[in-house]
Amino acid sequence: NAAWPVAEGPTVIKRGRQYYMLYSANDFRNPDYAVGYAVSDSPVGPWEKSEDNPVISSQNTGEPGSGHGDIVTDQHGDPYYVLHTHYSPQKVHPRRTALVKLDFRNGQFRMSPESFRWIQSITKN
């Protein structure tokens, strides 16, 4: 674990009139690495952290080190978050890649826990 606070991997999107920044915190080597978000009226801040943080963590993914990703949308415009997790509770590397669905309601992000799924890697022969 790092001896300093870490916030990294920001992604900013606009929903309505507000900007939402998803970010990761707690150093990627920490099993408590997680994703939170902050809200602003401007893309350059000031930002107000959500009281609901973290919104993606081992508490709702079931996997250690869940964080540092980006938002993608499906063909219907629904938001998903691609992230990495630790390889196991004892080992950070190699990290694994997963996808979760984000729900956005009443100006708040939530992760749909039942949506967690691993992304299969493609191996060329």
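Which residue takes a positive phi in the hairpin of β7 and β8? That residue is Asn-106, with a phi near 50° in a hairpin that has 2 residues between its strands. Before going further, a word on what you're looking at: this is a predicted model, where local features need pLDDT of at least 70, side-chain atom pairs count only at pLDDT 80 or more, and totals for chains, interfaces and linings use all residues. Residues are numbered from 1 along each chain as its sequence is written, and side-chain values use heavy atoms, with hydrogens and water left out.

Strands here are DSSP runs of E with at least two residues, helices are runs of H or I with at least four, and both are numbered from the N terminus. Two strands pair if DSSP finds at least two bridges between them. β7 (96–105) and β8 (108–118) pair in the antiparallel sense over 7 bridges. Most residues other than glycine have a negative phi, and most peptide bonds are trans.

Asn-106 is also exposed, with a relative accessible area of 78%. (Buried means under 20% relative accessible area, exposed over 50%, and partly exposed in between, using a 1.4 Å probe and protein chains only.) Asp-27 has a positive phi too, about 65°, and is not a glycine either. Asp-27 lies in the loop between β2 and β3, and at 6% relative accessibility it counts as buried.

That loop between β2 and β3 holds Pro-31 as well. Pro-31 counts as partly exposed, at 37% relative accessibility. Follow the chain and Pro-89 is 58 residues away from Pro-31, yet in space the two are 7.2 Å apart, C-alpha to C-alpha.

Now for the strands earlier in the chain. Strands of a sheet pair through backbone hydrogen bonds, either parallel or antiparallel. In this model, 4 strands form an open sheet in the order β1-β2-β3-β4, and the pairing is antiparallel. β1 (7–15) and β4 (48–49) stand at the edges with a single partner strand each, so one side of each has no neighbour in the sheet. β3 (residues 34–40) is joined to β4 by 2 bridges. Val-39 is part of this contact, with Glu-48 as its bridge partner in β4.

| Cis peptide bond | Omega |
|---|---|
| Gly-45 to Pro-46 | about 5° |
| Asn-53 to Pro-54 | near -5° |

Pro-46 lies in the loop between β3 and β4, while Pro-54 is in the loop between β4 and α1.

**The largest pocket**

Pro-54 turns up again at the largest pocket, where Ala-25, Asn-26, Ala-34, Asn-53 and Pro-54 lie nearest the centre, out of 13 lining residues. The elements giving two or more residues to this lining are β2 (18–25), β3 and α1 (58–61). The largest share, 3 residues, comes from β3. How do the lining residues divide by type, and what are the counts? There are 5 nonpolar, 6 polar and 2 charged. For that count, Ala, Val, Leu, Ile, Met, Phe, Trp, Tyr, Cys and Pro are nonpolar, Asp, Glu, Lys and Arg are charged, and the others, Gly among them, are polar.

As for space, the largest pocket has about 150 Å³. A pocket is an open set of points on a 1 Å grid over the protein atoms alone where a 1.4 Å probe fits, with protein on both sides within 12 Å along at least five of seven lines; lining residues have an atom within 4 Å of a point. Grid points are joined across faces, edges and corners, and the volume is the space filled by probe spheres set on them.

**Rings and charges**

The structure holds 6 aromatic pairs. In the pair of Phe-116 and Trp-118, the ring centres are 5.0 Å apart and the planes are at 80°, so this pair is edge-to-face. (Rings of Phe, Tyr and Trp, the last by its six-membered ring, pair if their centres lie within 6.5 Å; planes under 30 degrees apart are stacked, over 60 edge-to-face, and the rest tilted.) Phe-116 counts as buried at 17% relative accessibility, whereas Trp-118 counts as partly exposed at 28%. Elsewhere, Tyr-20, Tyr-37, Phe-104 and Phe-109 form one aromatic cluster.
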